[in-house]
Amino acid sequence: MSVVIRGGFPFVGERHQSALVRAEGMYVFDQDGKRYADLCSGLWNMPLGYSNERIKSHVKKQLEKLPFSNLLAFFSDIQEQYAQRLIDWMGDFAYVLYTCSGSEAIEAAIKTCRKYQALKNRPERKKIAAFSLSYHGTSYGAMSVSGIDQILARDYAPLLSDISWLPLPADWNSEKEWTENIDCLFQKNGEQLAGFLVEPVLASGGVIPVPVPVLEHLQNRCQEYGTLLVVDEVATGFGRTGVPFAYQRAGLSPDLVCLSKAINNGYLPLGALLYGRTCAEIFTQKQACLEHFSTQGGNAVAVAAAMGLLECMQEYACFQVQEKGAFFLRLLQEGLQSKANVRGCGLMLAVDFPEKFDGMEVLHTMELFKKRGLIVYMYNNEPYNRGISLFPPFLITQKEIETYSQQILTVLCRLL
């Protein structure tokens, strides 16, 4: 008996579903010829779909030219050009550290926060803060700062120490409660905080946008206490929320920004950590290095794909992400009415299930959609929330939104 191991699901001896064999646009096809509408954009990382010719052409050219370069010995032209173009586009940043994933970018950010404080002659500052409903990855450091994995992570203990959790308010719209929780955390731990990791929209937490005044208040507290503000844009970056980067909606000036997923439309593994000028300055002054490196980090072909995505983002307004997201959200809210709470931020949407549903029932609902040719995502964050989420690709049309929202409503209205 052959054993198939699939990330995130139990080890099983048999594969019960068809394998995917090809894809086109926002659709994937299995070995039986069945078509699925991918309303997850891969795993939130393929906003431009599976067959973007511009990105593929960059990959092919780089493969012929230079598929890999040893970053310990040389920078290649594509790595330098992309880093400069990314910084030019994003604004006040100084350096780009290439990684292989979002989790690795988080790992590098944690190291940077602690190294930064040591360089500032504050070696006692080790604590990293994050929201209790956050998700930052599954490697050891990233899991250590993922609030929703606190129970799951017990079997993998010991994790990183000196992690402080910021509880979410009972009412997610209460800016007063958010800011009071922030003030309480800084009053208690501010002198020990090396960095604060924040997702502008809690994606795995059920698509919960952190209110703009709350993000502004958090930045002020970080600046007041000398704590680095780390923005995790792995899920939200490159246009998912209706703006290029979600932190820009609040006018933030992050010290560090973590990127991955859509960075090259998911075509090859790649992540990045961007250093703000203030943070980078101390490393430059002290001629300090960050002990972080991975062989495939900044792989030349992966970076070439990222260059293609960056070119596509020059036409970002044409995707109408904000408008499409608002339309999708309105259709779901009108169709469900009082049956469920529906949230959205750009092309990130979530439908909360009632408390009577447990995690297995939500998983079963996700499978129901798959049988109907729709790929959706799920979240199960006890005791906060549970439900399904949608991260449709930017190229989805209004007609497709109408069609798939109706199919989603048909299932949900019968279940909820």
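**Notebook: helix α12 and its neighbours**

I began with the contact of two helices, in which Thr365, Leu368 and Phe369 of α11 meet Gln407, Ile408, Val411, Leu412 and Leu415 of α12. I note that the model is predicted.

I then looked up the geometry of the pair. Helix α11 covers residues 359–371, and its axis lies 11 Å from that of α12, at an angle of about 140 degrees. The crossing of α11 and α12 is right-handed.

Next I checked the length of α12. This helix has 18 residues, 398–415, and at 1.5 Å a residue these should span 26 Å; I found the end C-alpha atoms 26 Å apart, so the two values agree. I listed the buried residues of α12 as Glu400, Ile401, Tyr404, Ser405, Ile408, Leu409, Val411 and Leu412.

I turned to α10, residues 321–336, whose axis comes within 10 Å of that of α12 and crosses it at roughly 30 degrees. Because angles under 35 degrees count as roughly parallel, I recorded α10 and α12 as roughly parallel to each other. Their crossing is right-handed. On the α10 side, the contact involves Lys324, Phe327, Phe328, Leu331, Leu332, Gly335 and Leu336; on the α12 side, I found Gln398, Ile401, Glu402, Ser405, Ile408, Leu409, Leu412 and Cys413. By class, this contact of α10 with α12 has ten nonpolar, three polar and two charged residues.

I repeated the length check on α10. Its 16 residues should span 22 Å at 1.5 Å a residue, and the end C-alpha atoms are 22 Å apart, which agrees. In α10, I found Val321, Lys324, Gly325, Phe327, Phe328, Leu329, Leu331, Leu332 and Leu336 buried. The elements covering these buried residues include α12 and the strands β13 (342–344), β14 (349–352) and β17 (385–390). After α10 comes Gln337, for which I noted a positive phi, near 50 degrees.

Last, I looked up Leu168, which lies in the loop between β6 (163–166) and α6 (175–189). Its relative accessible area is 8%; buried means under 20%, so Leu168 is buried. Leaving aside neighbours within four places in sequence, I found Leu168 in contact with Phe131, Ser132, Leu133, Trp178, Asn181, Leu202, Ile208 and Tyr384. I also compared the position of Leu168 with that of Leu329: the two are 161 residues apart in sequence and 24 Å apart in space, C-alpha to C-alpha.

Terms used
Residues are numbered from 1 along each chain as its sequence is written. This is a predicted model: local features need pLDDT of at least 70, side-chain atom pairs count only at pLDDT 80 or more; totals for chains, interfaces and linings use all residues. Side-chain values use heavy atoms; hydrogens and water are left out. Helices (H or I, at least four residues) and strands (E, at least two) are DSSP runs, numbered from the N terminus. The expected span of a helix is 1.5 Å times one less than its number of residues. Buried means under 20% relative accessible area, exposed over 50%, partly exposed in between (1.4 Å probe, protein chains only). Axes are lines fitted to C-alpha atoms, for helices over the stretch in contact, and angles run from 0 to 180 degrees between N-to-C directions. Angles under 35 degrees count as roughly parallel, over 145 as roughly antiparallel, 65 to 115 as roughly perpendicular and the rest as oblique. A crossing is left-handed if the near helix is turned anticlockwise from the far one by less than a right angle, and right-handed if clockwise. Contact means heavy atoms within 4.5 Å. Ala, Val, Leu, Ile, Met, Phe, Trp, Tyr, Cys and Pro count as nonpolar, Asp, Glu, Lys and Arg as charged, and the others, Gly among them, as polar.
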